[in-house]
Structure formats: C-alpha cells, structure tokens
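Subject: Structure handover

Hello,

Here is the structure you will be taking over. Please look through it first; notes on what was found follow below.

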Amino acid sequence: MNFNEIKQLEDTYQLATYKKMDVAVERGEGSWVWTSEGEKYLDLYGGHAVCATGHAHPHVVKAIQDQAEKVLFYSNLVYSDLRARAAEKLISVAPADLTKAFFCNSGTEANENAMRMTRMATGREKIISFSGSFHGRTADSISATFLGKYRDIGKPNVPGHVMAEFGSLESVKAVADHETAAIILEPIQSMAGVREAEPRFFSELRMLSDDLGIMLIFDEVQTGIGRTGNWFFAGSDLADGVVPDIVSLAKSLGSGIPVGACLVNEKVSFHIKENDLGTTFGGGMLAMAATLATLEAVENDKMIENARRVESYLRDSLAGVPGIVAIHGKGCLLGIEFAEKWDQIHSRLLENKIITGTSSNPNVLRLLPPLNVAAEQIELLSQNLIMGSSAVYSGVA
Ligand SMILES: Cc1ncc(COP(=O)(O)O)c(C=O)c1O
C-alpha cells in the first residue's frame, strides 16, 4: 500500500484520537525510520519517547525473537526465570532503597498503582500533584494531571486530588497535611515543555513528606531508564540525591514492547499483600524479555554516558543561535524554546525529514531521541535550525 491508501484505510477504521504526522513508518534502525514511500527520517522523538535503545536494537530484537519461540505469555500465577532476572536487573540499577518491583503495562497504570499503594500504606486519601503535570489518562492519573485539556476529559475526577505550584515548597506546604497520602510529580515536566525544578526542591519535598508521614512518588515514565544521563532521576544529583518511596516507569522500559513498573521501598512493600494489586499482562514473558534486554543494551552500549554527551553537544551547537531562547532539560529529554511558536518549525523540520516532539508550551519543541543517537545526527538538527527554512537535509534516502 502507498501512503495515501494506508492513511485512508486507517482513518476509516481507527478513531481519530491523535493528530498524526503524514508519514507511515515501516521499519526503523537506531535513530532512523523508513516510511511506506521508502523515505528516511531522523527520529528525534524516539517513537514517542519509547525507543530508548533505538529502533530495532539487535540485542532487544533477538531477546524478543528467542522468547517468542519458547512461550509468549504466562501470568504472575506462575514463576518465570525471565521475570525473576528482569526484576533483579531493574532493582540492581535502581537507587538502593527501592527493593521491589510491580510490573504492569503502561505509564498511567503504573501511576494508578503507585497512588493506590500510598493510600494503602498510609490509610489516607489525599494526593498532591503539580501545575504543569501529566500522569496519564485513566481515572486517578488523569485526576492528578494538571494540563486541563486532559484533566477535563477525565471528569468527574477522582476526589481527593489537590494541586500545588511546581517548584514551590510554600505552595506544597499550603495543601500538605496529615490527611495526605502522597505527593506525585514528574521530576522534569516533559509534556508541559520540559520544565525543571531546582535540586533543592526535591530535598525540601522529601523533608516535608517525612515530617507529615506523606509518601513521595516520582513519575519517571519519561525520565527513567537513562534518559536524563542517570539510570533514574531518583537518587541522582539532579534530585539532590533524594529517593522517593515509589518510582513509576513505562515508555523506555521495554524498548517498544508495552511494559510499566512501580519500584517501591520497604515502607511501601510492607503494606502490600496478595491480591492488593494485579493485572493480567504485567510481567508476561515477552515483556520481561524486552525489559531485561533493554536494561542490558543501555548498560552494554554505555547509552547513559551518551545521553549526557548529546545534551552538551546540542547545547554547544545551538548556543547563541538567533530565535532560540533557551534549552531546557537533561540528557536525552530536551526542550528547545523558541522566540516564535513551534508549529511552523515542527512542520519545517518534518518536511526536512526530521521528527521532533511538540509540547503544551507553544514555544517549546521536545527532543526525546534514542539514548544512542549519534552526535552527527544531532548535528543534522542543529544545521536545520541554524539555517532555517533554507536548510538542506543531508540524510541518505
Ligand atoms: C510523565 C508521564 N507519565 C505518565 C504517562 C502515561 O503513560 P502511558 O501513555 O503509557 O499511559 C506519560 C505519557 O506520556 C508521561 O509522559
């Protein structure tokens, strides 16, 4: 099928819930994808912030292929060597306080379970989240989401959710009390336009939470698995060393096979018993093969170090470029803030065969490339931005 045929068929049979780019992706390798028309695109959005190991990383592909030939799925009702090893590996790269994993299938599900666990552990109901936040589209997660266009479609929202100002301890103090179960936050607010807080904010939050018996949840659906140049934002210098009670994960964790997870400390795991949580597909063998192989690939290929290089390369190459106001973010979670709105820039880059991500800030384009993206690939973007609309795409079809 050519592109027009694919588009017509898909638009006929799929609900139009996403504004799609006019490309049909057929195959990918590293940071490149090829379309139905045989055209090659540079994917600096990493398949929607998912393909941290790049498209079709050979180690991940082989692990999935090998597992598919053995057994695709059995649930948590049985043991599995792959689930055991994936959980062990994930816990081994996490901050030391986080000692157990719960596997599910998506980011929103991870956050739902994270919030539920804090309610179980504290016996309280109230959840504090932040201006600018996005935590997913199921009932509790959408109720913890600030961005109105999402939160409103989740009406009626789950009771007990209140909001504070991201980065402002005073605003948290104004709503935090002994009725509060948890404070949930994206440590870097991606969808909001890659908004950051001072490291001190995290240690202040930790102290306040400890004083009031509140649990802290880091939604690391985007920042986790090496993206910020650290395995996790939790425990890193970016968080002033703070480790929350729960980290929620998804996106990069399975390199494209749907996997979500909550990593919890003993204060949480102590309260969780049989039947408290569950999901049929969580921890299935194929997902666990992808998870283990993803973690191994990130480690073996030194992708975390590369994510740090990518950030400094982009910052250097775009320093002083007219029209660029600021670069936000860390590692391979970056927001380029323009003086003008991004809609024209996003379209122009797409015409030049570079895929970037939009955000809810009309001036900030997001980059979430594979963690193994090469400096020369980042250079293609920089050249395009420096040369504006006259830029010539130098990728090879
Ligand atoms: C920070 C954050 N949390 C949660 C989610 C929800 O994840 P999912 O779409 O897998 O449910 C997203 C998705 O973009 C996200 O960026």
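**Lys-89 and its surroundings**

Leaving aside neighbours within four places in sequence, Lys-89 is in contact with Leu-292, Leu-295 and Glu-299, where contact means heavy atoms within 4.5 Å. Lys-89 sits in helix H4. With a relative accessible area of 18%, Lys-89 is buried; buried means under 20% relative accessible area, exposed over 50%, and partly exposed in between, with a 1.4 Å probe and protein chains only. Helices (H or I, at least four residues) and strands (E, at least two) are DSSP runs, numbered from the N terminus.

Before going further, note that this is a predicted model, in which local features need pLDDT of at least 70 and side-chain atom pairs count only at pLDDT 80 or more, while totals for chains, interfaces and linings use all residues. Residues are numbered from 1 along each chain as its sequence is written, and side-chain values use heavy atoms, with hydrogens and water left out.

**Overall**

The protein has 14 helices and 16 strands. Its C-alpha atoms fill a box of roughly 60 × 50 × 40 Å, taken along the principal axes. A compact globule of 397 residues would have a radius of gyration near 21 Å, and the 21 Å of the protein agrees with that. The radius is taken over C-alpha atoms, and the globule rule is 2.2 Å times the number of residues to the power 0.38. Of the 397 residues, 56% count as buried. Among contacts between residues at least 6 apart in sequence, 70% join residues at least 24 apart.

**The second largest pocket**

This pocket has a volume of about 870 Å³. A pocket here is an open set of points on a 1 Å grid over the protein atoms alone, where a 1.4 Å probe fits, with protein on both sides within 12 Å along at least five of seven lines; lining residues have an atom within 4 Å of a point. Grid points are joined across faces, edges and corners, and the volume is the space filled by probe spheres set on them.

Of the 26 lining residues, Asn-76, Arg-83, Ala-101, Phe-102 and Phe-103 are the closest to the centre of the second largest pocket. Helix H4 (81-93), strand S4 (100-104) and strand S12 (260-264) each give two or more residues to the lining. The lining divides into 14 nonpolar, 8 polar and 4 charged residues. Ala, Val, Leu, Ile, Met, Phe, Trp, Tyr, Cys and Pro count as nonpolar, Asp, Glu, Lys and Arg as charged, and the others, Gly among them, as polar.

**Strand S12**

S12 is largely enclosed by the rest of the structure, because 5 of its 5 residues are buried. Gly-260, Cys-262 and Val-264 point one way from S12, and Ala-261 and Leu-263 the other way. S4 and S12 run antiparallel and are joined by 5 bridges; strands pair if DSSP finds at least two bridges between them. Phe-102 stands opposite Cys-262. Strand S11 (residues 246-249) also runs antiparallel to S12, with 4 bridges, and Ile-246 has Val-264 as its bridge partner.

An open sheet of 4 strands has the order S1-S2-S3-S15, with mixed pairing. Its edge strands, S1 (25-29) and S15 (354-355), each pair on one side only. Strand S3 (residues 40-43) and S15 run parallel, joined by 2 bridges.

The buried residues of helix H13 (residues 342-351) include Trp-342, Ile-345 and His-346. Among the elements that cover them are S3 and S15.

Regards
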